[in-house]
Amino acid sequence: MFAKLVGNDQIKSIFGRLIKSERVPHSLLFTGKEGIGKKQFALEVAKSFVCFDPNDFQACGECKNCNRASNFVFPKFDDRDAHKKVIFSDHSDIGMVIPYRNNILVDAIRELETEANFLPYEAKARFFLIDDADKMNDAAANALLKTLEEPAKTTYIFLISSRPSALLPTILSRCQTIRFAPIQSTEIEKYLLKSGEFSTDDAKLLAGLSRGSIAAAVHINLENYYRLRFKMLDVLRSLSNNRNFTILLKTAEELADPKNKDDYENNLKILQTLIHDIWTKNNNAAVEIVNSDIAEKIQQLANTINNQTLAKWLTEIETLLNALRLNLNKKIATDALFIKMSD
């Protein structure tokens, strides 16, 4: 089944050997950017222990147990009591803990601790996944420590996180870390084309925009992307040609309008991507850009903007993106961004 997962072939080989030799560590931390398949890898390891008909020690992916193992029914967002518990799949030996309103509650970890001491009901072992493990507060993390220190011989606990630095050092020290790399754009493009849901051009663009994340590639709304990109191109033209402050300030007002709040960060990231493409054209025209469908427009901008300016713009955008965690006035922040970029 690992063969059906995209990318990180070295990790597939490692897990293949560990499963075959029965040396899978009882406490593992799966790290890497969001949307690259960490949770799917963890589930595949769990399935290999419950599968009726494993192929070379890997789950077949087709038997009743494999299907039950990955069938989770997650609680509704406002169901607080459900989030206090371990959520089991249709297989009674595979459970998961997920965040509730951006936090993993200590009650869920305490239930995991209890469940982790039970013998398997059906399989050779029990598996517990903690998704977004970095969202455990100190109480939840401390409740987990004892279980990680002395796991039952038939229990495996897999932590999944895209921000491992947010975990307590004591948690990190008790888990072996598996680091997942971003998936190459060519692999994502092949995956999208194989699904039959995307044209060749769309698959190529989505793969470039995904930044190594299959989940991101699948969930990008291309129609919305094209609409936002058109606006960001206007911003770059205004900055590179005549520094038309009327257009810039009007655009800043549109971006910061509350009705467009869901697109605000996307606009900044699209602007960032376009600037990266211009930088690429300036420095290595042979390298393919993300927005290859508008290569001529990118080249026109590259002819008028130097590297020093591009570097400055990227720094300003990154600073604003990082500041979005704060309760800042987006209108003032966007005005300031465009003024700094036009300086």
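Five helices each supply at least two residues of the lining of the largest pocket: α8 (200–209), α9 (214–219), α10 (222–240), α12 (264–283) and α14 (307–323). Helices (H or I, at least four residues) and strands (E, at least two) are DSSP runs, numbered from the N terminus. This is a predicted model: local features need pLDDT of at least 70, side-chain atom pairs count only at pLDDT 80 or more, and totals for chains, interfaces and linings use all residues. Residues are numbered from 1 along each chain as its sequence is written, and side-chain values use heavy atoms, without hydrogens and water.

**Largest pocket**
- α12 gives the most to the lining, with 9 residues.
- The lining has 33 residues, of which R211, A216, E265, N266 and K269 lie nearest the centre of the pocket.

**Helix α1**
- Helix α1 (residues 9–20) has 12 residues, which at 1.5 Å a residue should span 16 Å; its end C-alpha atoms are 17 Å apart, which agrees. The expected span is 1.5 Å times one less than the number of residues.
- I11, K12, F15, G16, L18 and I19 of α1 are buried (under 20% relative accessible area, 1.4 Å probe, protein chains only).

**Sheet**
- Six strands form an open sheet with mixed pairing, in the order β2-β3-β4-β5-β1-β6. Two strands pair if DSSP finds at least two bridges between them.
- β2 (87–88) and β6 are the edge strands, each pairing on one side only.
- β1 pairs with β5 (residues 155–161) in the parallel sense over 5 bridges.
- L29 has L159 in β5 as its bridge partner.

Terms used
On a 1 Å grid over the protein atoms alone, a cavity is a set of points where a 1.4 Å probe fits but cannot get out, and a pocket is an open set with protein on both sides within 12 Å along at least five of seven lines; lining residues have an atom within 4 Å of a point. Buried means under 20% relative accessible area, exposed over 50%, partly exposed in between (1.4 Å probe, protein chains only).
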